Amino acid sequence: MKMNTKSLKLIIFLFILNSITLYLYFSSHPDYFRRRRTTQNIPNSIPQFHSPFPDRTHLVSLSNSNKPWPILPSYLPWSLTPNISFRSCEAYFGNGFTHRVDLLKPSPESNRKVGKDGRGWFRCFYSQTLRSSICEGGTMRMHPDKIKMSAGGEVLESVIGRGEEEELPEFEFGAFDLEVTGNSKNHGKKLATEGFLNEYLQKGEISRHTMRDLIDSIQLVGANEFECSEWVEEPTLLITRFEYANMFHTVTDWYSAYVSSRVTGLPNRPQLVFVDGHCMTQLEETWKAVFSGVRYAKNFSGPVCFRHAILSPLGYETAMFRGLSENIDCYGAASAHDLWHNPDDKKTARITEFGEMIRAAFALPLHTAHKHSSRTHNVLFVRREDYLAHPRHAGKVQSRLSNEQQVFDAIKSWSLLLSHTECKVNVVNGLFGHMSMKEQVRAIQDASVIVGAHGAGLTHIVSAASEAEILELIATEFRRPHFALISQWRGLNYHPIFLTGSHANPTLVIDKLRDIFKTLGC
């Protein structure tokens, strides 16, 4: 099949945009390829370079083994301008972290020559719109024995009954520290004041703000006290997860980690360290696919030092979560290409870009055939099934569609009738509990219509095809805006059916599907 002219122009545009971005990035990072000699007690020396964001200096390891970023059709540069409009869509979903605060500046000597005293540095980038900060530091040390929490990473069945309070970190003062230059009067002091924490790491309604607590634990120490049992040379995200077995909340964590990586200008996908004691879940498959590697803080045997550590905001602080309680008047752009040429504060392509990142991480195709031109369509029915989610879970999920099987059977029967006409319909039984994360994302990507009762599994629509139709069956008890909002921010067509109680009339569901398929040309 010949590629149409519009698609060819789009591919050429993306190639040119990517080439320009790479040129600008590496032309502003001349030291990235330049090796410098190592110095005593320093495993690898690290040259200075500047991120695409103006006046944002970083230190990066030359021995970086992290995964490269994939080329994404909806990617737009993350540092277009520091003058992002307050509460614009870019401020909510992109780089609204424009206010820089330096808590510890690297000394001029340490910028020019590795191995001098005062290599430590720390700064935060604050978003007035989200009321949260992305922070990063260099030559930072973590003491796992000063973090009170369970080990983490265990097999679920081995920790049944463990309390959540055992899994969340409590930091002693000095759980983290930074090496500082000569003046001994600062040694032993805290990095951050209470005033700084209150202004830039606001608790708000978050009862336990672990990122704030971590920064509050950072101590300043002299070079003679800064010894490490292990150095992590690659840029590394330090993450504490809440509601880690829930798909919706985990997607907010993935998104926060992705945004933090882009805002801080990382040239490759970072490593992750979970600063929590949660056991393993299936969702770790995606953490490992999207990023370069995962370790648990308690898995380190002694003090570990990070060349470049990044602290990403809690998932509760992302626009995807904040949108549940405040009005975020944003809409998905038809394409990143259009948004690039016609900027609009009310539109965003960032959630689409993020969904493409997940698909690319699993090596799934990013360019799919237009659904409206196809005569074969998948209807994915996202099921709710019993499974053991976490140590405090009984293995039973709450039913949100009491006659789920009846509705599924009705859709299946209707699809067979429709398949005798001009369109072929495949009904996919979305038993996600029995599918790998890659299989789940593939099923979402291949669906023309995604149907399901209100439940966390529908959060996968961040990775849906751009022309996918979303049909949500909403029980009286669960009239919440999660998936209407994600659809809006993605630019997907969303169709709710509000139930009386939790029982759906199969005829009404089929009528709605029939209307949707008319728009698909069937």
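The model is predicted. Helix H14, residues 482–490, is largely enclosed by the rest of the structure, because 7 of its 9 residues are buried, and the cavities of 30 Å³ or more number 4.

**Helix H14 and what follows it**

- The buried residues of H14 are His 482, Phe 483, Leu 485, Ile 486, Ser 487, Trp 489 and Arg 490, and it is this count, 7 of 9, that makes the helix largely enclosed by the rest of the structure.
- After H14 comes Gly 491, a residue whose phi is positive, near 80°.

**The second largest cavity**

- Two or more lining residues come from each of helix H6 (210–216), strand S11 (236–239) and helix H7 (247–263), and the largest share, 3 residues, is given by H6.
- By residue type, the lining of the second largest cavity is made up of 8 nonpolar, 5 polar and 1 charged.

**Helices H12 and H15**

- Helix H12, residues 404–418, and helix H15, residues 506–519, have axes that come within 10 Å and cross at roughly 40°.
- The crossing in which H12 passes H15 is right-handed.

**Residues in loops**

- Phe 226 sits in the loop that runs between strand S9 (218–221) and strand S10 (230–232), and with a relative accessible area of 10% Phe 226 is buried, since buried means under 20%.
- Although Phe 226 and Asp 177 are 49 residues apart along the chain, their C-alpha atoms are separated by 8.7 Å.
- Arg 87, in the loop between strand S2 (57–59) and helix H2 (89–93), has a positive phi near 60°.
- Arg 131, which is not a glycine, likewise has a positive phi, of about 60°, and its place is the loop between strand S4 (121–127) and strand S5 (132–142).
- The relative accessible area of Arg 131 is 27%, so this residue is partly exposed.

Conventions. Residues are numbered from 1 along each chain as its sequence is written. This is a predicted model: local features need pLDDT of at least 70, side-chain atom pairs count only at pLDDT 80 or more; totals for chains, interfaces and linings use all residues. Side-chain values use heavy atoms; hydrogens and water are left out. Buried means under 20% relative accessible area, exposed over 50%, partly exposed in between (1.4 Å probe, protein chains only). Helices (H or I, at least four residues) and strands (E, at least two) are DSSP runs, numbered from the N terminus. On a 1 Å grid over the protein atoms alone, a cavity is a set of points where a 1.4 Å probe fits but cannot get out, and a pocket is an open set with protein on both sides within 12 Å along at least five of seven lines; lining residues have an atom within 4 Å of a point. Grid points are joined across faces, edges and corners, and a volume is the space filled by probe spheres set on the points. Ala, Val, Leu, Ile, Met, Phe, Trp, Tyr, Cys and Pro count as nonpolar, Asp, Glu, Lys and Arg as charged, and the others, Gly among them, as polar. Axes are lines fitted to C-alpha atoms, for helices over the stretch in contact, and angles run from 0 to 180 degrees between N-to-C directions. A crossing is left-handed if the near helix is turned anticlockwise from the far one by less than a right angle, and right-handed if clockwise.
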